[in-house]
Amino acid sequence: MELSTKIAVIGAGHAGVEAALAASRMGVPTVLFTLSLDAIANMPCNPSIGGSGKGHLVYEIDALGGEMGYATDRVTLQSRTLNLGKGAAVHARRVQADRMLYRQLMKETIEHEPNLRLVQTEITDILFEDAENGRRVCGVRTALGEEWRASRVILATGTYLSGAVFIGSYVAPSGPDGMLPANALSASLAAAGVKMMRFKTGTPARVSRRSIDLSVLEEQRGEENTVPFSVRTDEKEFGKREQISCHIVYTNKNTHDIIRSNLDRSAMYSGNITGTGPRYCPSIETKIVRFADKERHQLFVEPTGTASEEMYISGFSTSMPADVQHEMIRSLPGFERAEIMRYGYAIEYDCIDPLSLYPTLAFKDIEGLYGAGQFNGTSGYEEAAAQGLVAGINAALAEKGEEPMILSRSSSYIGTLIDDLVTKGTDEPYRMMTSRSEYRLLLRQDNADLRLSDVGHRVGLLSSERYAAFCEKRKQIEDEIARLEKATVPPSEQVNALLTSLGSTPLTTGVHLAELLRRPEVSYASLAAIDRSRPDLPRAVRTTVEVQVKYEGYIHREKAEAERTAKLESKKLPADIDYLSLKGLRIEAAEKLAAIRPLNVGQAARISGVNPADITVLLIYLKERYGRE
């Protein structure tokens, strides 16, 4: 029997799920391969979605037509918005999710997708054939000897490639959560000349809820009337849901003494681990060594699901042996009788050098092959899902003979994430943070749909009904901003009493409502008492209107900078440029440009080792050869 599909997706983690759903929903027959049907969209680390930078990614995934935000809304245990004391640019939603329900929901979603087939098997080889410009993929081979013909293959292997788990001196070949590793595929890719790297991540122990005295811990409640990630979610119903409390505990001198006295037994410090770990999510051993003067570290005790007693101790990742893990945990207040259900571990895995990829996430030297998620050197579920969505969209567009989707840095955090990877590369697991973007005020959570829904509709992931609803929302925002800019408020006893109560200067002459709203102490809601012509608008519309008006000047400056950058992005660089023979380029710049082969001058300008003088040389070359500046 001949087995075939158009697109094969290898790995059903967060990247693979988004890739497979996107490609199939765009009308391209797709097969999703997984080592285990029970590990689809698994959360082997903390079952949380969102946070600083990461929450922005989830909103953008939803705006493009992805699944993560909608699924998360349906399994939310607790929701909070971080950084509310700071500006709107860094407000970030974070959700504690029900791990088992999330897996179940994503599996059901995949199973009911008409154009998508789900297969449990191990892929051991990518099949290639000769192409005009080198090689192209033509299928995959399974451990059972089956061969599937496919013209596009997306690698979304997570931490499974040659995975190895470390707990003290114990080392075992393994994927996350005791799953089997994918050793054969890793060897196959290396044999095909794919440049591989070795990274590491880790997770803390899970502790039985009934063995913890939660009464001595600091309770952390969720926020009321929270907003969902997805526009597909009913906001009113979502806001009424009962939330589960999380808790906070702190390490102490005893905890630190236990860790220090056993550092030689930690896999991190014994020399067993060679892979590079994440800088922004280090093990507790690394924290104790790196911040030796710190007397305590904050830990978050969070549930993993309503049908499970497992509690996750965020911030307590470790590769210590089992007996030391018991000591460490029982040194925490309220954990004196704690019972470990799953031991913490470090895991090493193979991934690729993302400089091997185009911004489409297609490999540069292997036609039809794409990478997504931790396979590309990132960390985090949100980063993985974002890349999977992009890879799935672009594989489907290529299969249909259409132009690829490349998101710019000024359009999205997804664009920033991918541009960082394929332009700068990474020597550690990459994590998205708001500080990575130079356009933070443009890339807010509240306006993700304004930035990306047109793109989602163009590629075919947003239905006509959903797109029409978005267009109506956009019109409401534009109309309300225009009204605020025109509506005048004269000085009056009522107006000045309100302004005085807000700590704002009373009026002596009439002003536009927008001018009042730009005052830091004045909010859109507070103006309702003196704004008699105000329409009844949804909360999402009101939020965006307020931010757009308040930060108008700053937003305008960022837009102007984005437009200047866009001019460089529009200057395409031919694929056949011989950078090493280009006169005027420094050797370092020529070597970097030849290796990365940027698509345009804007991308070239962001490559480490390429300076403004080198960019001038490229611009002169384009003008002389093509008559364009």
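Trainee: What volume does the largest cavity have?
Mentor: We're looking at a predicted model, where local features need pLDDT of at least 70, side-chain atom pairs count only at pLDDT 80 or more, and totals for chains, interfaces and linings use all residues. Residues are numbered from 1 along each chain as its sequence is written, and side-chain values use heavy atoms, leaving out hydrogens and water. A cavity is a set of points on a 1 Å grid over the protein atoms alone where a 1.4 Å probe fits but cannot get out. With points joined across faces, edges and corners, and volume taken as the space filled by probe spheres set on them, the largest cavity comes to about 60 Å³.

Trainee: Which strand gives the most to the lining of the largest cavity?
Mentor: Lining residues have an atom within 4 Å of a point, and here they are Thr76, Leu77, Gln78, Ser79, Thr226, Phe238, Arg241, Glu242 and Gln243. A strand is a DSSP run of E with at least two residues, and a helix is a run of H or I with at least four, numbered from the N terminus. Four of the lining residues belong to the strand at residues 76–82, which is E5.

Trainee: How many polar residues are in the lining of the largest cavity?
Mentor: Ala, Val, Leu, Ile, Met, Phe, Trp, Tyr, Cys and Pro count as nonpolar, Asp, Glu, Lys and Arg as charged, and the others, Gly among them, as polar. In the lining of the largest cavity, two residues are nonpolar and two are charged. The polar count is five.

Trainee: Which helix gives the largest share of the lining of the second largest pocket?
Mentor: A pocket is an open set of points with protein on both sides within 12 Å along at least five of seven lines. This one holds about 1,400 Å³ of space, and two or more lining residues come from each of H2 (54–64), H6 (235–239), H12 (448–459), H13 (464–486) and H16 (539–550). The largest share, seven residues, is from H16.

Trainee: Which residues lie nearest the centre of the second largest pocket?
Mentor: There are 45 residues in the lining of that pocket. By class, 18 are nonpolar, 11 polar and 16 charged. Nearest the centre sit Val227, Glu235, Arg539, Ala540 and Thr543.

Trainee: At what angle do H13 and H16 cross, and what is that arrangement called?
Mentor: Axes are lines fitted to C-alpha atoms over the stretch in contact, and angles run from 0 to 180 degrees between N-to-C directions. The axes of H13 and H16 come within 9 Å and cross at roughly 45°. Under 35 degrees is roughly parallel, over 145 roughly antiparallel, 65 to 115 roughly perpendicular, and the rest oblique. So, with a crossing of roughly 45°, H13 is to H16 oblique.

Trainee: Which residues of H16 make the contact with H13?
Mentor: Contact means heavy atoms within 4.5 Å. From H13 come Lys473, Gln476, Ile477, Glu480, Ile481 and Leu484. By class, the contact has seven nonpolar, three polar and two charged residues. On the H16 side you'll find Ala540, Val541, Thr544, Val545, Gln548 and Val549.

Trainee: Which residues of H11 meet H10?
Mentor: H10 (residues 381–399) and H11 (residues 413–424) pack at about 90°, with their axes 10 Å apart. That angle makes H10 roughly perpendicular to H11. The contact divides into six nonpolar, one polar and one charged. H10 brings Glu383, Ala386, Gln387 and Val390, and they meet Ile414, Leu417, Ile418 and Leu421.

Trainee: Which residues of H9 (residues 322–330) make the contact with H7 (residues 253–261)?
Mentor: The axes of H7 and H9 come within 8 Å and cross at roughly 165°. That makes H7 roughly antiparallel to H9. H7 puts in Thr255, Ile258 and Ile259, while H9 supplies Val324, Glu327 and Met328.

Trainee: What phi does Asn225 have?
Mentor: Asn225 is found in the loop between strand E16 (218–220) and H6. Asn225 isn't a glycine, although its phi is positive, at about 50°.
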